[in-house]
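User: I'm new to this one. Can you walk me through it?

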Amino acid sequence: MSNNRILFLRNTVYLYLMNIVKLVFPILTLPYLTRKLSTNAFGIVTYVKALMVYVQLIIDYGFLLSATKEIVFVANDKEKIGRIAGDTLVEKTILAIIALLFFIIAVIFIPTLNKNKVFSLLYLLSVLITIFLFDFLFRGLEKMHLIAIPYIVAKTIATFFTFVLIKGDSQLLLIPILEIVGNMAAIIISFYFVSKLEIKISFSPIYKWLKDLKESFVYFISNFATTVFGALTTVIAGFYLSMSDIAFWGICMQILSAAKALYNPITNSLYPYMLREKDLKIIKKINLLMIIPMVIGSMIVLFDSEAVMQIIGGEKYIAAGSILTILLPAFIFSFYSMIYGWPVLGAMGKIKETTTTTIIAAVVQICGLGILILFNRFSLYGLAISCSLSEMTLFIARYIIYYKNQKLFKHNFRKIV
């Protein structure tokens, strides 16, 4: 096995460790919170966290792809790496200010946020401080353990004190406060790793920041469109459904997110690897290996979804089992749409096409939501169908582009070799 493949496998293992934490800790806290909080309180948590996805999206802005790509190609020049890191930090700060302004407007006009101002602003702070994490840097250097360690520490702190301190609705404000404490610990560790790598942060003139923001816009649009599959549905649902229904939808979305957390280590490790190696064989092997867990997971959801919901959420959430079943196509197709996204089409240089497919799928979902609203059929079942159709559309569109451009991929591979 080549050194590059060994590095890819090692990075995947580290990211799986991180995503096991991302999977296990919510599985531990989710049943605890659904039992300790009322459905209305849990609905508030779900709604605010859905909006935080957009805040996180704005400050990330696609840097996990664009800045990572820059670092991959200057990996042996610490001075350039330090400048990329510094510029990205400044650019994230600019975007954080913009996100703050938008969120203040949202608090004024969205009733749920207005009634829970302090809770909402604390959650906002917990997200904004993540601009000081250097995940894009460590990802570009293919040192995934340096991403995993701060994340694991942050989530361990938040999870431990959730069990110790959260006993009911009266402790609702502690949930974002614990996120702030955990993220601050992760930031300290992240800066320590940067210093250990002997990377000195430096900054370019302002025109370079504007240039980076312009070039990263295509990645941002792609990521923005992707969030339609989860966050937007929750935000819109807040205008038409009760907080209890939002809680049902939120728990289904968290289970879907947990499944995607199992996919992320593969796709995140593949992206820098495929940029360098253009190795289609490994894509085919991964697709074959994933068939078994996909079949097992599908059987569980098809035949015992209510039991799954009872175990995870308790008696109050059994009724959401049928929603989980309708979301099954989203569980399956999301993996393959991720694989054929940035790791495949992105490595082919099909950046615009990758973004376009995401926008197409987002439009499908937005149209679906519009139809539900127009015909006064807005419900959890309609939301689930709309999400599943969007994920299917995304995979089909990306696979068609990949299939039509396989020869281009092989040509690029020969050129690099």
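Analyst: Axes are lines fitted to C-alpha atoms, for helices over the stretch in contact, and angles run from 0 to 180 degrees between N-to-C directions. This is a predicted model, where local features need pLDDT of at least 70, side-chain atom pairs count only at pLDDT 80 or more, and totals for chains, interfaces and linings use all residues. Residues are numbered from 1 along each chain as its sequence is written, and side-chain values use heavy atoms, with hydrogens and water left out.

User: How many helices and strands does the chain have?

Analyst: The chain has 20 helices and zero strands. Helices (H or I, at least four residues) and strands (E, at least two) are DSSP runs, numbered from the N terminus.

User: What is the radius of gyration of the chain?

Analyst: The chain has 21 Å. A compact globule of 417 residues would be near 22 Å, so the two agree. The radius is taken over C-alpha atoms, and the globule rule is 2.2 Å times the number of residues to the power 0.38. Along its principal axes, the C-alpha trace spans about 55 × 40 × 40 Å.

User: And what share of the residues is buried?

Analyst: Of the 417 residues, 55% count as buried. Buried means under 20% relative accessible area, exposed over 50%, partly exposed in between (1.4 Å probe, protein chains only).

User: What about contacts between residues 24 or more positions apart?

Analyst: They account for 85% of the contacts in the chain with a separation of 6 or more. Contact means heavy atoms within 4.5 Å.

User: Now helix packing. At what angle do α18 and α19 cross?

Analyst: Roughly 155°. Helix α18 covers residues 351–374, helix α19 covers 380–404, and their axes come within 9 Å. The two are therefore roughly antiparallel to each other.

User: Which residues of α18 and α19 make the contact?

Analyst: From α18, they include Thr357, Ile360, Ala361, Val364 and Leu372. From α19, they include Leu383, Cys387, Leu394, Ala397 and Ile401. By class, this contact has 10 nonpolar, nine polar and two charged residues. Here Ala, Val, Leu, Ile, Met, Phe, Trp, Tyr, Cys and Pro count as nonpolar, Asp, Glu, Lys and Arg as charged, and the others, Gly among them, as polar.

User: Is Leu394 buried or exposed?

Analyst: Leu394 counts as buried, at 4% relative accessibility. It lies in helix α19. Leu394 and Ser269 are 125 residues apart in sequence and 21 Å apart in space, C-alpha to C-alpha.

User: What about Glu198, what is its phi?

Analyst: Near 60°, also positive in a residue other than glycine. Glu198 is in the loop between α9 (174–196) and α10. Its relative accessible area is 61%, so Glu198 is exposed.

User: How do α4 and α10 cross?

Analyst: At roughly 75°, with axes that come within 10 Å. Helix α4 is residues 78–109 and helix α10 is 206–215. That makes them roughly perpendicular to each other. Asp87, Val90, Glu91, Ile94 and Leu95 of α4 meet Lys208, Trp209, Asp212 and Leu213 of α10. These divide into five nonpolar, no polar and four charged residues.

User: And at what angle do α6 and α9 pack?

Analyst: About 15°, with axes 8 Å apart; helix α6 is residues 117–128. That makes α6 roughly parallel to α9. Phe119, Leu122, Tyr123, Leu125 and Ser126 in α6 meet Ile175, Pro176, Ile177, Glu179, Ile180 and Asn183 in α9. The classes are eight nonpolar, two polar and one charged.

User: How accessible is Ile177?

Analyst: Ile177 counts as partly exposed, at 33% relative accessibility. Ile177 and Ile286 are 109 residues apart in sequence and 39 Å apart in space, C-alpha to C-alpha.

User: Last one: what does Ile189 touch?

Analyst: Ile189 is found in helix α9. It touches Ile149, Pro150 and Val153, not counting residues up to four places away in sequence. The C-alpha atoms of Ile189 and Leu146 are separated by 8.9 Å, and these residues are 43 apart along the chain.

Note on methods
Angles under 35 degrees count as roughly parallel, over 145 as roughly antiparallel, 65 to 115 as roughly perpendicular and the rest as oblique.
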